[in-house]
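User: I have a model open and would like to understand the labels used for its parts. Could you take me through them?

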Amino acid sequence: MENNNKKKTGDILDIERLIPRLISAWPIYLISLLICLLVAFYLNNWKFDKIYSASTTFKIAHNAASNNLSNNSINFIWGGNSNKVDALSYTLNSRIHNEKVVKKTGAYVFYYQQGKLKKSDIYKLDAPFVVEIDTSHHQIINSEIQITPVNAQSFQLKMVSESGNIYSYANDSILGNSKFNFAINYQYNQWIQSQNYRFRIKKSNIRFDDNTYTFKFVSLPEATRRVMQNFSVSQASKVASIISVSKNSKSINESVDLLNTSIKVLIETELSEKNISTIKTKNYLQDQIAKVRFKLDSATANLQDLQKRTGINNFPAKKSEILTSLMQLDRERIAIEERIEALNRLTPRSNSSVSNMIALNIAGLDVSYFMSNVNKLEAAENQKDELLKIYQKNAKEIKEADLKIAEARAAIDNIVKAHKLKLNTDLEQVDQKIAEIEYKVADLPFQEIEFLEANRAFEMNNSLYSSLITQLNATGLTLASNVSDITIIDPAKNQNQRPISPDTKRNYLIALAIGLIIPIIFVIIRELLDFKVKVIKDITSRTNIPLVGTVGDLGDNAPLIVINSPKSGLAESFRAIRSNLKFLYRSEPLHSNNKTILMTSFIGGEGKTFNSMNLASVLGSSDKKALLIGMDLRKPKIFDDFRISNKYGMTNYLTDNASIEEITQDTILPNLKIITAGPIPPNPSELILSKRMDEFFKIVKEQYDFIVIDSPPIGLVADSYDLMKYSDCTLYVTRYNYSEKNFINTISNKYDEGEVSNIGIIINGFKVNSGYGYGYGYGYGYGYGYGYFDEDTSFDDSLKGKVKRLFLRIKERFF
C-alpha cells in the first residue's frame, strides 16, 4: 500500500472524546454542586450581613417669584429649584447635618448580638434595652460592655475588655486611657456613673433571649460616618420637584429611623434658614424704629415747647396744605434715600443671599430677575474653573469663558446702575419740589416758619414711625406663619421588607454555575493533560496509517487467549485482524507462497508480544503452516507463555551455534512452530544485520506459509526498521490508556514521507465502558467486551471469577 495522503496532526481537544468523559464525571458534578450549595447556604445565612433598604419621598414647593422674603427663601437658600437635588444631596451627606441626626437619635451607641455562629450588628430598636448617655459628661468609648439580665428590675454589666478610651463629646476629643470595672447589679433607669462615664439603661418592649448582648460608645465622628453611609438622593419627578431618599443598613429599623430623622432635621434646618431673612429684616426694622423713635420724641418735645412759647397750635387751611405737601415730599425723599442706600449695600454674590434679599426688597428690585443673572455669573465662573483643569490660561476656550463672565457682571452692574439712576432722578425731582415749597414758605413770619418746621419734623418722624411699626407687625406675622417648603409625601416605614442583600437566589444560581463549571474545567484540564490513547480517533486523527483492528482488554485471562478460549470475543478479534491483513500485504510479494508479518510498537508493555502470539495462533489454527519468531533479542518473552525453553533460539542460529531445526520448537497447535530469541547477546543489532539473517528468512519462507515476527519497540531501537525488509506488512500495536497519542508520530512521519509502507495499526486492550463511548471504527474487529460469543456467555466477571482464574493461571504456570 502506497501513501499519498497529507500529514495529520490531530486535535488539541477532541470533542468526541471530551463529551463522554464529561458525562461519565457525574459523581464529581454531584459532589461539586453539593459543596458549592453548602458554601452558598453558609454565606447567605451566616457569613454575609443582611442589608435592608428604606426610602422616603418629599417635595419642594414651587413658589412664584415676588418681593416677599418668605416666598423667595427657597430659591436663595437652596440655590433655586434647578439645583435643589444637588443641594439636598450635599446637605443630606454633609457632616454637620449628620452630626445633628446622630445627636437626635443617640446613634453614638452601637449594639451587638452574639448568635451561635457570629456576632451581628443590631440597632437600638432591635435590642431588648436602650442606652442613654450624658454627652456633657466624660464617657468610655471603643470598649464593649456586656449586659446580662438578672431579673425584671436589674441587670449586670461586664467589660469585654477592661481598658478603654475616655472621650469628651462636648469637645470631640480623647482625653486618655483607663481601666474600668462595674458593680455587680444595677437597676433599670438608674444612672450609672463615675468620673469617666455616666449613662443609664432602659428596658425596651423586646425581651431578652438566649443570645449575648453587648454595646459600646463611639466617638461623634465615628457615629457620624456610620449614619452617613449608603444614603442615596435622586429626583423622582423633575416636573413636580419630588425628591426620593433611600438608606441601606443592617437593620430595617435603623434605615427607617435614621432616614425619617434625617428628613426631619433637614426640614428644621431649611425652616430655620428660611426664617433668617425674616428675622434679620425684623431686627433691621427694630433698629430703625429705635432711631426714628428717638427723633420722634425729640420732635414732639420741640413742638410742644414751641406751642407753649408762641401760643400757636395750628395753621389756617392754606398753610396747612403747605405743611401736608412738605410732609408727603419728605416721606418720598426718605423712601428713595433708603432704596439708594440699600443698593449701595447690595453684594452681587449668592453666598450673601440673605443680605441681598433684604437689600433687594428695600430697593424695589425684581429679586428673581436679579438673582438669575447672579446664577449666570456663578455658572460662568464654575465653567471656567473646569476648563482651567484642561486648558492653559491663554487658550481660546478660557478667553471665551472670561467673556461670558464679563457679560454676566456687566448685566448685573447695568441692572443696579439703571435702578440707581432712576432713583437718583426721582430724588432730584422730589428735592426740586421741596425747594419750591420752601421758597414760598420763606415769606412767612419767623414764628410761623419755626412752627411749620417743628410740625414738619414731627409729622415726618411720626409717619415714618407708623410705617416701620406696620412693617414690623407684618414681619412678625410672616415669621409666625412661615412653614417649610419641604413636604414629606411618603415617610420611611418598616413594612417587614425583605433584605436587598445578600441576593440568596442569585448566590444559589452562582453556586450552581460554579458547581457545574469546576468539574467541567477539571475534566477539560485533565483531558488536556491526558496524553494516553482513549478512543480510536486518538490514533486515526493523527495518522494516515489504516486501522486493522482492535483487541479488547485481556483482563485477568491467560495471554494465549486464542488457544485457551478460541470461541471468545478476544479470539474473534484476532481472526478479524487476520482477514484484514490481505489489504496490507505488498502488491508485489517477497515470496510467492509466504506472507511475513512484522509486529512492533513504540515502547514495551503495549502488547506487541501478546498480539504476535495470538495472531500466530490464529494463523496456525488452519491448515496453513505458521512460524512465530521472537526477534526481540534484548528482552525475550514468547517462551514463557508457551511453556517452552529459551535455551536455544535466534541468537544461537545467528552466531552459527545451532541450525534452524535445532532452534525450532513445537506448540500444542500442529501447524504452529516457534523460534524464540534465545540467550541475550551483547550485539543484537549487528546480528540482525548479518548475512545469516538473510539466509534464515530465505530458508523459513520456503517452509512456512505465514511468519509472524515479534520485533523490538521502534521507540527504543531501530531493529524493527531493519527487519521490515523481510516482511510483507507491518502491524504497529498501540495500547489503550497506556500508549501516548503522540507515539504514533514516529512511524506516521516515516509513513507519510514514504520511508515505510504496508503498515496497519492495532489498538490493544480497548475498553468500551471507560467513559469515552464507542468511538468509531469498531467494524475492524471484535473483542470489546464479553457476552457476544459462546464462551463469553458463561464468563464470570465477578470478583470470585477473577480470583478463580488467577489460581488457575498460577497452577498452569508452576504446577
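**Labels and the values behind them**

Analyst: Happy to. Leaving aside neighbours within four places in sequence, Thr224 is in contact with Arg95, Asn98, Glu99 and Val102, contact being heavy atoms within 4.5 Å. This is a predicted model, where local features need pLDDT of at least 70, side-chain atom pairs count only at pLDDT 80 or more, and totals for chains, interfaces and linings use all residues. Residues are numbered from 1 along each chain as its sequence is written, and side-chain values use heavy atoms, with hydrogens and water left out.

User: Why is Thr224 called buried?

Analyst: Buried means under 20% relative accessible area, exposed over 50%, and partly exposed in between (1.4 Å probe, protein chains only). Thr224 has 2% relative accessibility, so Thr224 counts as buried. Thr224 sits in helix H6, residues 220–228; helices (H or I, at least four residues) and strands (E, at least two) are DSSP runs, numbered from the N terminus.

User: Which parts of the chain does the salt bridge of Asp710 and Lys608 link?

Analyst: The closest N and O atoms of Asp710 and Lys608 are 3.1 Å apart. The pair links distant parts of the chain, with Asp710 in strand E22 and Lys608 in helix H17 (residues 608–620), 102 residues apart. Both Asp710 and Lys608 are buried.

User: How do you know that Lys750 is partly exposed but Glu755 is exposed?

Analyst: Lys750 has a relative accessible area of 24%, so Lys750 is partly exposed. Glu755 comes to 52%, so Glu755 is exposed. Lys750 and Glu755 also form a salt bridge, with their closest N and O atoms 3.3 Å apart. The structure holds 23 salt bridges, and Asp49, Lys118, Asp121, Arg226, Lys250 and Glu254 are linked in a network of them.

User: Why are the rings of Phe129 and Phe208 called stacked?

Analyst: Rings of Phe, Tyr and Trp (its six-membered ring) pair if their centres lie within 6.5 Å; planes under 30 degrees apart count as stacked, over 60 as edge-to-face and the rest as tilted. By this rule there are 23 aromatic pairs. The centres of Phe129 and Phe208 are 6.1 Å apart and their planes lie at 5 degrees, so this pair is stacked. The pair links distant parts of the chain: Phe129 is in strand E4 (residues 129–133), and Phe208 is in the loop between strand E12 (197–203) and strand E13 (212–217), 79 residues apart. Phe129 is buried, with a relative accessible area of 1%, whereas Phe208 is partly exposed at 24%.

User: What makes Phe182 and Tyr186 edge-to-face?

Analyst: Their rings are 6.4 Å centre to centre, with 85 degrees between the planes. That angle is over 60, so the pair counts as edge-to-face. Phe182 and Tyr186 are buried.

User: What is meant by a nonpolar core?

Analyst: A nonpolar core is a set of buried Ala, Val, Leu, Ile, Met, Phe, Trp, Tyr and Cys residues joined through side-chain atoms within 4.5 Å. Of the 43 residues in the largest such core, Met650, Met693, Phe696 and Ile747 touch the most other members. A second, separate core of 41 residues includes Ile122, Ile133, Ile147 and Phe217. Leaving aside neighbours within four places in sequence, Phe696 is in contact with Ile629, Met650, Tyr653, Ile660 and Ile675.

User: How do you know that Ile521 is partly exposed?

Analyst: Ile521 has 42% relative accessibility, so Ile521 counts as partly exposed. The place of Ile521 is in helix H13, residues 504–529.

User: How many helices and strands are there, and how much of the chain is buried?

Analyst: The protein chain has 26 helices and 24 strands. Of its 815 residues, 45% count as buried.

Key. Salt bridge = Lys/Arg side-chain N within 4 Å of Asp/Glu carboxyl O.
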